[in-house]
Amino acid sequence: MLRVEKISKSYGSQEAVRQVSLDLKPGQILGLLGESGSGKSTLLRLIAGLEEPDQGHIFFRDQPFPSFSRQLIPGHPQIRMIHQDSSLLPRHRIYENLHIELRSYSEKYQKIRIKELSEICQLENLLNRYPHELSGGQKQRAALAKALALEPAVLLLDEPFSHLDSHLKPQIRTEIMQIIRKNGTTAILVSHDAHDALALSDRIAVMYQGEILQEGSPQKIYTNPHNPYVAAFLGLANLVNASTLARICSKPLPHKQGCIRPEDIRIAHSQEDSFEAKVIQIQFMGHFLQISVQLDQGEILHFYAPKSDFFDLHQTILLKINPEDIYFFESDHC
């Protein structure tokens with residue numbers, strides 16, 4: 001559906017995107033992750049056809065993008081972008097926002113398509129409202145309906161959930177992505193929130209300083225990060241060196257550094273293959289506890305425990321790690 005081959009983009013001396021390659025299959029959702037300034041939004045604008053790469057090529061259904069300089073209106077007709085500000089026209093009702101998108105079609109088709117969109121995006125009772133009269137989730141559904149009006153093959157979502165309240169976010173992001181999947185649309189979801197990408201994407205690409213550090217399935221990247229940056233970006237990670245690993249695993253391991261996820265550290269019920277640690281912090285996270293402990297040489301580790309468990313500050317406890325649950329990096333650097 002979409003292929004990106006070694007594209008680069010600079011602004012003066014600042015290289016925003018560097019030798020990036022991607023390949024999206026029809027109906028696939030790619031989560032594009034990275035901190036602010038990593039090049040995510042620039043990459044999205046290049047894919048949308050709103051800017052032209054300095055180097056490299058972009059193909060849609062194996063056809064190269066038309067030259068940016070030859071286009072009267074920037075962008076690709078089969079690719080649509082949804083910004084975090086929802087892109088709705090504020091002085092027009094939702095029905096009018098959809099009608100404007102479909103203005104080149106017959107009145108009969110407009111009515112049919114708006115009815116379809118309102119059903120898909122659950123807008124039946126909201127069509128006569130203005131954007132300012134909608135909640136955050138309703139605005140996102142309306143913006144999605146507007147983007148889907150002309151049945152684009154590829155949808156680009158630039159931080160679409162960043163303005164939502166945290167308690168509404170899980171439900172709304174699930175609803176939006178269900179609509180996209182039901183519609184069979186290929187999509188790229190740009191986010192700085194790893195939880196969004198892990199929960200919603202078929203594949204994930206992690207960007208850093210204009211480059212893609214790692215790409216793969218959410219499970220593969222989470223459980224086998226290539227370097228410390230990727231490990232920490234996708235969730236809480238205990239980064240430990242070789243000497244610490246040798247002490248807590250009771251045997252030497254032939255790696256300089258490793259990653260242990262908090263869920264892979266367990267309470268031990270015997271001295272065998274266990275190590276002692278002192279509880280220094282207890283955080284109630286709702287459905288689980290996050291416990292921070294200190295080892296005998298000062299190292300800090302974090303692990304999760306059931307909320308029903310009880311711990312005292314400064315209590316010494318026994319912990320256990322299965323060596324098979326330690327992930328080793330291909331590189332210690334980004």
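Buried means under 20% relative accessible area, exposed means over 50%, and partly exposed lies in between, using a 1.4 Å probe and protein chains only. Keep that in hand for the exercises below.

This is a predicted model, in which local features need pLDDT of at least 70 and side-chain atom pairs count only at pLDDT 80 or more, while totals for chains, interfaces and linings use all residues. Residues are numbered from 1 along each chain as its sequence is written, and side-chain values use heavy atoms, with hydrogens and water left out.

**Exercise 1. Get to know the chain**

Find which secondary structure elements the protein chain has, and how much of the chain is buried.

Step 1: Count the DSSP runs, taking helices as H or I runs of at least four residues and strands as E runs of at least two. The protein chain has nine helices and 18 strands.

Step 2: Turn to burial. Of the 334 residues in the protein chain, 47% are buried.

Step 3: The C-alpha trace spans about 75 × 45 × 30 Å along its principal axes.

**Exercise 2. Classify two aromatic pairs**

Decide whether each pair is stacked, tilted or edge-to-face: Tyr105 with Tyr109, and Phe303 with Phe311.

Step 1: Recall the rule. Rings of Phe, Tyr and Trp (its six-membered ring) pair if their centres lie within 6.5 Å; planes under 30 degrees apart are stacked, over 60 edge-to-face, and the rest tilted. Five such pairs turn up in the whole structure.

Step 2: For Tyr105 and Tyr109, the ring centres are 5.0 Å apart and the planes meet at 40°, so this pair is tilted.

Step 3: Check the surroundings. Tyr105 has a relative accessible area of 43%, so Tyr105 is partly exposed; Tyr109, at 26%, is partly exposed too.

Step 4: For Phe303 and Phe311, the centres are 6.1 Å apart and the planes lie at 75°, so this pair is edge-to-face.

Step 5: Check again. Phe303 is buried because its relative accessibility is 1%, and Phe311 is buried at 9%.

Step 6: Look also for a group. Tyr208, Tyr229 and Phe233 form one aromatic cluster.

**Exercise 3. Find charges over rings**

Which ring does the charged end of Arg3 sit over, and which ring does that of Arg261 sit over?

Step 1: Apply the test: NZ of Lys or CZ of Arg must be within 6 Å of the ring centre and within 35 degrees of the ring normal.

Step 2: Arg3 has its charged end over the ring of Phe59, 4.3 Å from the centre.

Step 3: Arg261 places its charged end over the ring of Tyr222, 4.1 Å from the centre.
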